[in-house]
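User: I'd like to go through the pockets in this one. Can you help me?

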Amino acid sequence: MASSLSTLIDLSKPTLIASVASIAFNPTAWNIVARNEYRNKTITRIFGGNARHGCYFLALCIFSAGLLRDSLYHRALLEQPQAKILPEPFDTVVPAVLFGLGQIFVVTSTWALGVTGTFLGDYFGILMDHRVEGFPFNVLRDPMYVGSTMSFAATALWFERPAGLLITVYVYIVYLIALRFEGPFTDMIYSKRASAQAKSKKEL
């Protein structure tokens, strides 16, 4: 079992460790930073009380860290054992379709939410007027995370690296854990606004 696993993944490669670490770091760090922002307004105060500028700064940080994560993943894959995963022509068709769909989910969800909706603007007090229910949110609950996971899997299939599929499973687990923290906290933010709005209407 151990010998067969070693033919699929090389655990000795530093690039693999760096990739795995970056995948876990991103959602963990942004959740910590965003919760601190909600409670203490640290970034907002750095930007002179301008919450929108603070959110744009965090968006730039998140986007840049995402590019670094993707670069580390790509480098890690190239140093892992290569093995045939899918027969021709599916070895190119499946990953291409999977990657295309994944990017559609990521891009369209970003477009639907906007910069502040995508990059934790609600933690800065920049709340959306209503829940986004159009595509892709009418198809998937968390299209950005699903799309990202699909892109990880597609890249692994394209380069024929079984290790990449194992990393994809790890990515999916990391995202599920992140959502267990993000979802309830975001719901709490909007619930508080709804309560405040209901209270103000009663006072009128």
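User: Which element gives the most residues to the lining of the largest pocket?

Analyst: Keep in mind that this is a predicted model. The elements giving two or more residues to that lining are H2 (14–40), H4 (51–78), H5 (90–118), H6 (143–158) and H7 (162–203). With 9 residues, the top contributor is H7.

User: How much space lies in the largest pocket?

Analyst: The lining here runs to 49 residues, and Leu113, Thr118, Met144, Tyr145 and Glu182 are the ones that lie nearest the centre. The space in this largest pocket comes to about 1,700 Å³.

User: What about the second largest pocket: which element gives the most to its lining?

Analyst: This one holds about 180 Å³ of space. Its lining is made of Pro27, Thr28, Asn31, Ile32, Arg35, Val174, Ile177, Ala178 and Phe181. Two elements, H2 and H7, each give two or more of these residues. The one that gives the most, with 5 residues, is H2.

User: And how many nonpolar residues does the lining of the second largest pocket have?

Analyst: Going by class again, there are 2 polar residues and 1 charged in this lining. The nonpolar count is 6.

Note on methods. Residues numbered from 1 in each chain as written. Predicted model: local features only at pLDDT ≥ 70, side-chain atom pairs only at ≥ 80, totals over all residues. Heavy atoms only, no water. 1 Å grid on protein atoms, 1.4 Å probe; cavity = no way out; pocket = protein on both sides within 12 Å on 5 of 7 lines; lining within 4 Å. Points joined across faces, edges and corners; volume = space filled by probe spheres on them. Helix = DSSP H or I, 4+ residues; strand = E, 2+ residues; numbered from the N terminus. Nonpolar A, V, L, I, M, F, W, Y, C, P; charged D, E, K, R; others polar.
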